[in-house]
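Subject: Structure handover

Hello,

I am passing on the structure we spoke about.

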Amino acid sequence: MLRDLLRPKAILTHLLVLTVAVVCVQLGNWQFARLADVRANNDRLAERLEEPPADLAQLAGSDDAEVDPETLEFRTVEVTGVYQPDAEVLQRNRNHQGRQGFHLLTPLELTDGGVVLVRRGWVPAERSEPPVPDALPPEGSVTVTGVLERPVPQPSFGPQDPDDGVLERVFHTDTDRLDQQIDGELFPMVLRLENQDPPLPDLPGELPIAVGRPELDEANHLSYGLQWYSFAALAVIIYGAWLWTNHRGKATDRVPREVTQPQS
């Protein structure tokens with residue numbers, strides 16, 4: 001068997017299988033490294049969620065300072081202003097308990113200047129024309145407490161929002177794009193509403209339905225890592241089984257058959 005395993009063609013096959021196994025292991029290692037990064041980032045974000053509400057203007061710094069979404073993401077802030085329901089936008093493909101619908105994105109004109117886009121909650125798909133009449137925000141001055149989200153720019157592939165015109169429904173919370181149609185300078189992050197004063201009436205079936213705090217997702221890095229490790233193991237096991245079966249077959253063929261002598 002050793003002679004068969006050391007033939008040039010066999011050696012090339014060994015190297016090919018070994019390369020496949022090593023690549024699979026490396027891909028598995030990469031997935032677990034990404035998982036460690038995600039978990040560390042989630043720990044940081046979870047700590048931010050537990051911090052007391054801060055003033056948005058103080059977090060953002062001076063007017064000339066560039067906003068860093070990575071630093072402000074998941075920070076809890078408190079702002080005061082007046083909603084602009086006529087400039088409300090609906091975000092598509094939002095689910096609630098298995099039902100398709102929209103999220104209400106309503107600009108809030110801040111008392112201190114500027115505008116922030118507030119994710120106020122979910123409405124069913126039949127409420128497809130903003131502003132949604134039975135989900136209007138409070139009138140007059142309102143104080144909103146919520147969590148900052150990163151905006152989502154237009155992707156290179158997949159659904160995209162038009163570059164021109166006034167958008168009533170969007171796929172993405174692209175604050176640069178929505179700034180074109182909103183009066184005032186739009187803050188480059190989205191505020192996910194948790195509380196507001198004065199509050200809306202808390203009645204059964206009242207719209208919009210609160211979306212709750214953002215979830216800290218680990219994505220699929222753990223399952224993908226285990227899959228790549230299993231692919232590496234399968235490649236080695238299947239190849240080893242094939243070598244053994246092939247050797248047994250050749251060994252059987254080499255055993256001389258017993259010659260039966262004719263009887264006189």
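Predicted model: local features only at pLDDT ≥ 70, side-chain atom pairs only at ≥ 80, totals over all residues.

Strand 6 covers residues 141-149. Of its 9 residues, 7 are buried, so strand 6 is largely enclosed by the rest of the structure.

Salt bridges

There are 12 salt bridges in the structure. One of them is between Glu 218 and Arg 39, with 3.1 Å between the closest N and O atoms. This pair links distant parts of the chain, 179 residues apart: Glu 218 is in the loop between strand 8 and helix 6 (221-254), while Arg 39 is in helix 2. Glu 218 has a relative accessible area of 31% and is therefore partly exposed; Arg 39, with 38%, is partly exposed.

Arg 150 and Glu 73 also meet in a salt bridge, at 3.0 Å from N to O. Arg 150 sits in the loop between strand 6 and strand 7 (169-170), and Glu 73 in the loop between helix 4 (69-72) and strand 2, so the pair ties together parts that are 77 residues apart in sequence. Arg 150 is partly exposed, with a relative accessible area of 37%, whereas Glu 73 counts as buried at 15%.

A further salt bridge joins Arg 127 to Asp 134, whose closest N and O atoms are 2.6 Å apart. Arg 127 is partly exposed at 27% relative accessible area, and Asp 134 is partly exposed at 34%. Both belong to a network of salt bridges that also includes Arg 99 and Glu 126.

Two places on the surface

Pro 133 is found in the loop between strand 5 (115-124) and strand 6. Its relative accessibility is 68%, so Pro 133 counts as exposed. Pro 85 is 48 residues away from Pro 133 along the chain, and their C-alpha atoms are separated by 9.8 Å.

Ile 11, Leu 12, Leu 15, Leu 18 and Val 22 make a nonpolar surface patch of about 450 Å². Of these, Ile 11 lies in helix 2, which spans residues 8-49. Ile 11 counts as partly exposed, at 34% relative accessibility.

Regards

Key: Residues numbered from 1 in each chain as written. Heavy atoms only, no water. Helix = DSSP H or I, 4+ residues; strand = E, 2+ residues; numbered from the N terminus. Buried < 20%, exposed > 50% of the residue type's maximum accessible area, 1.4 Å probe, protein only. Patch = residues over 30% accessible without salt bridge, like charges linked within 9 Å, V, L, I, M, F, W, Y side chains within 5 Å. Areas by Shrake-Rupley, 256 points an atom, 1.4 Å probe, with all protein chains shown as cover. Salt bridge = Lys/Arg side-chain N within 4 Å of Asp/Glu carboxyl O.
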